[in-house]
Amino acid sequence: MFDENLSKNIKALAYEKSIDVERVFEALEDALASAARKYYKTREPIQTVLDRVAGTVQIYVVKEVVENEDQIEDPQAQFTLDQARELDPAAEVGGTIRLTYVTKEVVDVVKDPHTQIRTYEAQKIDPEVEQGDELKIPLTKQAEDFGRIAAQSAKQVLYQKVREAEREKVYTEFADKMGELENGYVKRFERGDMIVDLNGKTEGIIPRSHQSRAERYSQGDRIKAVIVDVHTQPKGPQVVLSRTDPRLLMKLFEMEVPEIYDGTVIIKGAVREPGERAKIAVTSRERDVDPVGACVGMKGSRVQSIIRELRGEKIDIIPWNEDIVVFAQNSLAPAKITRVSVTSDEQAHRPHLDVIVDNDQLSLAIGKRGLNVRLAAELIGAKIDIKSEEEVKDEVADALTAMLQEAMAESRAETNVHEIDDLDPELADKLEAAGYDDLDSVLNASIEDLTQIDGIDDDLAASIIETARKHEEVDQPATNEEEDEDADAEAGDEESPEAEASAPQAEEAHVEE
């Protein structure tokens, strides 16, 4: 029998650890069962029942009932239905049966002490047993008889069970608080990680990866952080906190801005580069409430409070808009955007924005180390390419040049080799037979290529290429002159209505004079 104050001690332990009293009793029963298995040296499943008032312990072997021997997987833990009904006629398949003894085989040489016992030791319990018999060892010992080793094992099991109950309580308490803001004190530092005391009984951890490089804390400092994970791993604090998560910024605004707390102003998104810059998109449910002004506060009082909490991190408060073009222009502030074009990125499943800015706004739009455009792209959920007006003009010029070159190549390809001025017809036949049947192929051929044709040496090959070039030079200006004439004609047509319109104006001016 345990000490008469056992129940009081267990209640005190439960109160100290903030866990249910019944969980401590169950943990102690598991610990005693472990000690009993060691004492009796058995693999049979042992269950202990602790009287909550008297403190006495009842020890049983519990076996599962199966239908027949074919279903027995572990003879130490299972009985057939027939075996069970010999002991309890009401036994059913799937139920359990309690035994007040441990069964072992009597042998002269023990190979497995968990299932066998020596003959002379067995005869101390039952003088009539012989080798080959099964001995039923009664489970009559009390906990104080189990010995030091069994007691040590029970202590370890009890500590483990209580620790599991503590961690389960912490998980239950904080699992529903994911993304919530928690206050605490810096308790200590471990290998760069910050251990935070949350409520006097629970510790949280801020890993180095979730700490801002711009912040420095000392032991005992008060700290605010957002919960990003709660795990059940057996080692280390269970509650993982963060000072870099964007949800911290959102929760700080919710604390400082009453309009956000009551739902008048809604935060649509937030992104951060911890310690450097952050962007937060807000919108209002009421037309009369300015979401940006509400977040900034009188003379910037509200946003300045948050900036101080984040150790000087710059914050851009952006009005959210359903139109992605307007939202992109707002997100890239303070840069002034000339125009935005939207295309789809099918592979990334997100919009692709081409943003054009003035040359003097390019560096401002991109930001230091690309920070401004990177945060804007993350906030919008799109890929953003920023270009200056000069770059766009260069791209257009390059595209027109490429189109012109392609048109010239097509024109050369349409000119038959026989149409090349001053080219001997016999040479034209040889070139055509060799596959050089148009002006383009001749111009693109090298002297070495043409000398592969019978009857053509280096000098003649060079002369052929020079003749082709002269033909192109003569043909190109003619084409350009035709285009200029067409353009002049179109300009003349466009100017004629203006000239006609100017005649009445001249008449009116004359009348006025």
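Helices here are DSSP runs of H or I with at least four residues, strands are E runs of at least two, and both are numbered from the N terminus. Leu400 sits in helix H13, residues 389–414.

Some ground rules. This is a predicted model, where local features need pLDDT of at least 70, side-chain atom pairs count only at pLDDT 80 or more, and totals for chains, interfaces and linings use all residues. Numbering runs from 1 along each chain as its sequence is written, and side-chain values use heavy atoms, with hydrogens and water left out.

Back to Leu400. Its relative accessibility is 51%, so Leu400 counts as exposed. The cut-offs: buried is under 20% relative accessible area, exposed is over 50%, partly exposed is in between, with a 1.4 Å probe and protein chains only.

Now helix H4, residues 119–125, which holds Thr119. Thr119 counts as buried because its relative accessibility is 14%. Leaving out residues up to four places away in sequence, Thr119 touches Val106, Val107, Asp108 and Gln131. Contact means heavy atoms within 4.5 Å.

Next, strand S2, residues 57–66. Of its 10 residues, 8 are buried. Two strands pair if DSSP finds at least two bridges between them. S2 runs antiparallel to S1, residues 46–50, with 5 bridges. There, Gln47 has Tyr60 in S2 as its bridge partner. S4, residues 96–99, is also antiparallel to S2, joined by 4 bridges. Lys63 stands opposite Ile97 in S4. S3, residues 78–80, runs parallel to S2, with 3 bridges. Val66 has Thr80 in S3 as its bridge partner.
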